Structures are given as C-alpha cells and as structure tokens.
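Hello,

Here is the structure we talked about, with the sequence alongside. My notes on what was found in it follow below.

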Amino acid sequence: MLFNSHIFIFLFLPLTLAGWFLLNKTKSKVIPKVYLLGMSLWFYAYFNIRYFPLIIGSIGINYILYLVMQKSEKSPVRKSMLVTGLLLNIGLLFYYKYLGFFTENINYLFKQDFNVINLILPLGISFFTFQQVSFIIDTYKREVPNYNLLDYALFVSFFPQLIAGPIVLHEEIIPQFADENNKKLNPENFSKGIYAFAFGLAKKVLIADTLGNFANVGFGNIPSLNSTTALLSMLAYTLQIYFDFSGYCDMATGIGYMFNIVLPMNFNSPYRALDMNDFWKRWHITLTRFLTKNVYIPLGGNRKGKFRTILNQFIVFIISGIWHGANWTFILWGAINGVLVIISKLIAPKTEKLKKNVPLLFWVITFALINIAWIYFRADSITLANQMIAKIFSFDFGAVGNVFIESVKSAEFALPEKIISKIIPSVSAIYSHGLLLAMFGFGIFASVKMKNTNERLESFKPNPLNCAVSVILFIWSVLSLSGVSTFLYFNF
C-alpha cells in the first residue's frame, strides 16, 4: 500500500488512527498495540500477500534469538546466536535481492549455465532487515532491555517506517508506544502531522513524479539525446530522487506525529552541501548511522591509521551501493561516492576557509558531482551511464523535443496553455519552454534555499495560514493521484 494512494489516505489511515486512539481509552494496554500491529501487517501484506509469512517469520525468528541471548550468560551461546542472526538476516536479503545478480555474474565469469532465479523483491526487506540486524547486535552487546513479543513486532512493523525507512532503533520507538501521554489525541501533534504529510505528498506527487516523467524519457532514449536533453534528464532525476525521498520522509514523519510518535530525521536538505562529506551527513541519515555503527566502527573506524581509515570508509560506501540494488551500477555509484567523500575529508583542512569565502563555488562543484554520480544510480547499465555523460560533454546543444515538454505537462498546467493558444497561437511554445524552466528552477531553489519540513516543524504553530497551506497542497495532490508511480526507494 502506498502513502500516495486513495485507499491509504481515505480508508487505511483514518481507520488506523481512529482505532488506535479509541482503543487506548480502554484499560487494556495490549489490545491497542495488537490493533496497530494488525493494521501495520495489513499495510505490508496489501502489496503482495505471499510475502506476509516472510515478515512474520523474520520477526519470530529474530525474537527467539533475542530471548536466547537475553537469558544466556554463556559467551559461546550468545556468539552463536549473534552469528546465526546475522547469517539468517543477511542470507534472507541475499536470496531475494542478490541471488539472481550473483548467479548471472558466476555464469558470465566461469562460463556456466546455472539457472538464474529472479524473485519479486519483498517490499521494504532492506529496511526491516537492517533494523533487525541492528537490534540483534545491540542485544549481543547487552544494550537492549526486556521487550515482549508484541512490542518487538510493533517496533519492526510500525507502518510509517516499515517499507522505506527510516531505519529506527529500538530505544527510539518502543518507549514512545509505552508513554501514556502518547495514547491520547494531541491536537498540536496532529496538526503538525497533517502539515508534514501534505508537504510530503505534494513533493512526491506534484514534483517528483512530474520530473520523473522527464527523466524516464531521457534515460530510456540515451543514444538519441543531445547535450541539452542529456543535461536536463540528469537534472530531472537528481530532483526527482530528492523530492521522492524527501516527500516520503515528510509523510512518514507526519504520520508519526499523528500517532504522537517522533521518528528520527532521515533527510536534511542534502543539496545544500558544500562537499560530499557534508552531503552524506544529510542524505539518508539513518542508513549512514547504521553503517557507521555496525560496519565502520567494528572495522576499526579511524583508530588504526590513515590507510585503514580510508579503506574502512571505502568499504562502507561499497556496502551502501550494494544495499541500494543488485547491479554493477549501484556498486560503482557507491565507489564513486566513497572516493569523493574520502577526498573531501582529506582536503577539508585546506578548504574550510575557502568555503566560507566562496561558498557558491563549492556548492556548484558539489552539486555537479552529485548529479554525475546519480547518472550511475539511475542508468540501466554502466555503458549507458557512460553514454549519458559523453552526451553531456559532447557540447552538442540543441532543442528540447516535444516528447520531453509534453512529459511534464500535468492537467493543471496544460489547461492554461490551451486557453492561451486559442487566443495567441504563437505563445504556446513560449509557455511550454517557460513551464519547463520554471519547474527545474523551482526544484533547485526549493531543495537548496527553502526550509525543509523538519525546520518548518520546529517553529510550527496551528494557525489559519498553515491550515490553508495544508488544505491546498493536500487537495491539489489528491486530485493528481491518478498518474503516480511507486516511490523510488521502495526498490531498495
């Protein structure tokens, strides 16, 4: 089930909210949680009922491993449970996400003909797997208190963060469900939630999906692009993935507030970054936190000399690339980001003063590098990504074809053009190109200069203006739901 769908907005979310707060008025502490757990599992199973046993089994097995480690004082037993948990979780992820890719490469390298199994990727498996891996590791370190099965299952499956993050920690979520103050409807939190959800829905539906249409045309026809359309296709995807992920994070944050649950920040205006290290402190914050805590630090972090520090950083980014997808493009994307972050850190002592004096220069360089890296993330193959970059730097600038212009014309923007063109036919082309420039210009401006939703929520007050903004964005987005696509990060 998608956040940007009629069934979620008009049926699932109202039912879940109403049931949660009404049941919390009873004396039972169990029934409301059971209800919320059941609704969260329905939310997950709606995508594909065949994967319902998968998440149930994953939760059950991880909880058993947790119980054994909690009750055992014997180090060999605890270590064996930790290793078992890591193997089972990562093995499950490997089977569904990487087995086909791995088999294809074995066949290619060793001239074999093993059967390639391509499975439908279970929704959110990368997110709930990493969440449970983190929990198992914390349990081994004796950093986890006693939780019952219901609390653990709700921690894993709470629907706002279930299928595309953030990757939450047990101490961030479980205590909030136990807080009696959070079980009553809080008008201010509820207003915040609607406000954040409306902004997120608008980012996803009105901006990300529209620019995504342009990017799809470009990346689907790379050999026929000129430098202009290649450059704009690259930028379209850069903005699409920003507003797609940002929009999802806003909606998840907003839903959390409706339940009086504060989810950790996962996205903090990364396109404001002046170097690649700063970019990765702002982009997918909880994934970076997970990899730092569970990969970088165990490898030695920065405690074993400069070479090992660089190597550890590079390994983290390779894993980040692989985590995002089973394709060499993702691995190369991770490697590119790793190299750029390492360079950023190495030259930081010499560039800090320059950043303060000429921030625009560093922003342009960083934003250009981000754009180039996203090409490898989006392209279907490394060869096609290289072709796209070659098109950009061929300096073969030409016209933007109608197929690109028409791809971003939603109904609300196409109607004014029809009216104007009947009066002044020659204005149609000017209008179309002006709309295109305005869309790209607004996307860059909004992602860099405008306050992000978390910043807005810090000073949020329920008032007529915020109410009007929420209502307008919500209605406009709902009226535009017919042509939406899935969230990009659902693939990961």
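Is T253 buried or exposed? T253 counts as buried, at 12% relative accessibility; the cut-off for that word is under 20% relative accessible area. This residue is part of helix α10, which covers residues 227-258. Setting aside neighbours within four places in sequence, T253 has contacts with L263 and L457. Please bear in mind that this is a predicted model.

Overall picture

The protein has 21 helices and 0 strands. Its radius of gyration is 24 Å, close to the 23 Å that the globule rule gives for 492 residues, so the protein is as compact as a globular protein of that length. The C-alpha trace spans about 80 × 60 × 55 Å along the principal axes. Of the 492 residues, 54% are buried. The accessible surface comes to about 22400 Å², and carbon and sulfur atoms account for 68% of that. If you take the contacts between residues at least 6 apart in sequence, 76% of them join residues at least 24 apart.

Two helix pairs

Two packed helices are described by the angle between their axes and the distance between the axes. I give both values for each pair.

The pair to start with is α2 (residues 31-45) and α6 (residues 149-157). Their axes are 10 Å apart and the helices pack at an angle of about 35 degrees. The crossing of α2 past α6 is left-handed. On the α2 side the contact is made by K33, V34, L36, L37, S40 and L41, and these meet L150, D151, A153, L154 and S157 of α6. Sorted by class, this contact has 7 nonpolar, 2 polar and 2 charged residues.

The other pair is α5 (residues 125-140) and α12 (residues 285-296). Here the axes come within 11 Å and cross at roughly 35 degrees. This crossing, too, is left-handed. From α5, the residues F130, V133, S134, I137 and D138 take part, and they meet L287, F290, L291, K293 and N294 from α12. The classes in this contact are 6 nonpolar, 2 polar and 2 charged residues.

An enclosed helix

How many of the 9 residues of α6 are buried? The count is 8, so α6 is largely enclosed by the rest of the structure. The buried ones are L150, D151, Y152, A153, L154, F155, V156 and S157. The cover over them includes α2, α3 (52-71), α5, α7 (159-162) and α8 (170-178).

Single residues

M276 lies in helix α11, residues 276-282. M276 is buried, with a relative accessible area of 2%. Not counting residues up to four places away in sequence, M276 touches N337, L340, V341, S344, T366, L369 and I370. The C-alpha atoms of M276 and I167 are 22 Å apart in space, and the two residues are 109 apart in sequence.

P298 sits in the loop between α12 and α13 (306-324). What is its relative accessible area? The value for P298 is 56%, and the residue is exposed. Outside the four places on either side in sequence, P298 is in contact with T292 and K293. K293 is also among the α12 residues that meet α5.

Two residues with positive phi

R142 is not a glycine, yet its phi is positive, at about 60 degrees. R142 is found in the loop between α5 and α6. At 41% relative accessibility, R142 counts as partly exposed.

N260 is not a glycine either, and its phi is positive at about 65 degrees. N260 belongs to the loop between α10 and α11. With 4% relative accessibility, N260 counts as buried.

Regards

Definitions and conventions. Residues numbered from 1 in each chain as written. Predicted model: local features only at pLDDT ≥ 70, side-chain atom pairs only at ≥ 80, totals over all residues. Heavy atoms only, no water. Axes fitted to C-alpha atoms, helices over the stretch in contact; angles between N-to-C directions. Helix = DSSP H or I, 4+ residues; strand = E, 2+ residues; numbered from the N terminus. Left-handed = near helix turned anticlockwise from the far one by under 90°. Contact = heavy atoms within 4.5 Å. Nonpolar A, V, L, I, M, F, W, Y, C, P; charged D, E, K, R; others polar. Rg over C-alpha atoms; globule rule 2.2 N^0.38 Å. Buried < 20%, exposed > 50% of the residue type's maximum accessible area, 1.4 Å probe, protein only. Areas by Shrake-Rupley, 256 points an atom, 1.4 Å probe, with all protein chains shown as cover.
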